[in-house]
Amino acid sequence: PYLDEYFSDISESERKKVKFFVSDMYDGFSTVHHRYFNGSIHIIDTFHIVTQLTNAVNRLRITAMNSCEDKNSLLCRFMKSNWKYFMCRTEDIPDRYYSSRKTEERYHFTDMIFMCTSMNRNLQTGYNILQDLFHYSDKHTYTEAEEFIEYISKRLIESDCETLMAVGRTYSKWKVGIANTLSRNQNTIRYSNSVAENINNHIKTIIKTAYGYKNFERFRKRCMLIITYKSL
């Protein structure tokens with residue numbers, strides 16, 4: 001309702017000027033797009049597309065780690081202390097070695113990731129699909145991008161893992177918006193709502209620091225002051 005109230009105050013002529021509508025995968029924003037900006041191209045922000053799958057992979061990593069009988073094993077300790085490398089591009093994995101305290105054997109981080117993901121079929125599937133998503137070329141046409149997201153969704157749904165299947169269903173539901181994101185327009189411009197997300201995070205921090213505000217006008221002025229001069 002509050003979104004209806006906000007966007008209905010904007011004149012129709014002004015709304016028709018909007019060419020691109022960028023959002024996350026919240027159903028309310030889909031309704032707003034169809035109701036008020038139907039002539040614009042709906043784009044799903046890249047961050048939210050990737051986050052859907054990285055969160056799923058992280059949950060599967062925790063499941064695989066907890067299934068280890070020996071919590072002090074080499075693989076279990078690596079999965080616990082180096083969790084972030086399961087959710088990044090393979091080329092971003094550091095060129096380092098991980099040592100075993102017992103045997104003093106040294107394994108490259110890339111090899112450790114491979115051994116850990118091989119422990120759990122669902123984790124391996126999710127990790128491989130995530131890498132495919134990371135390495136997708138964003139210079140393809142819309143048709144190619146749509147075919148790619150259909151392919152990714154099908155692999156996730158057919159994984160027989162509810163955690164991955166849920167992501168696959170989400171990707172399939174928002175296929176058009178995601179394809180608009182992965183494809184390049186004629187000006188090769190990538191659209192993002194990162195500016196709005198940044199401002200929103202600043203506002204949340206302001207509220208948290210002040211333990212809330214009773215007076216909205218004072219709160220608004222405080223936000224405008226900090227956001228305006230934060231880069232100075």
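Guide: A nonpolar core is a set of buried Ala, Val, Leu, Ile, Met, Phe, Trp, Tyr and Cys residues joined through side-chain atoms within 4.5 Å, where buried means under 20% relative accessible area with a 1.4 Å probe and protein chains only. The model is predicted, with local features needing pLDDT of at least 70 and side-chain atom pairs counting only at pLDDT 80 or more, while totals for chains, interfaces and linings use all residues. Residues are numbered from 1 along each chain as its sequence is written, and side-chain values use heavy atoms, leaving out hydrogens and water.

Visitor: Which residues touch the most other members of the largest nonpolar core?

Guide: They are Leu53, Phe78, Leu156, Tyr171 and Ile178, in a core of 45 residues.

Visitor: And which element gives the largest share?

Guide: Helix α4 does, with eight residues. Helices here are DSSP runs of H or I with at least four residues, and strands are runs of E with at least two, numbered from the N terminus.

Visitor: How much space lies in the largest pocket?

Guide: About 710 Å³. A pocket is an open set of points on a 1 Å grid over the protein atoms alone, where a 1.4 Å probe fits, with protein on both sides within 12 Å along at least five of seven lines; lining residues have an atom within 4 Å of a point. The volume is the space filled by probe spheres set on the points, which are joined across faces, edges and corners.

Visitor: What lies nearest its centre?

Guide: Of the 17 lining residues, Phe7, Val22, Phe29, Asn193 and Ala196 do. Helix α11 gives the most to this lining, with five residues.

Visitor: And the second largest pocket, which elements supply its lining?

Guide: α3, β2 and α10 each supply at least two residues. The space in this pocket is about 180 Å³, and among its lining residues are Ser30 and His33, which are also buried residues of α3.

Methods. Buried means under 20% relative accessible area, exposed over 50%, partly exposed in between (1.4 Å probe, protein chains only).
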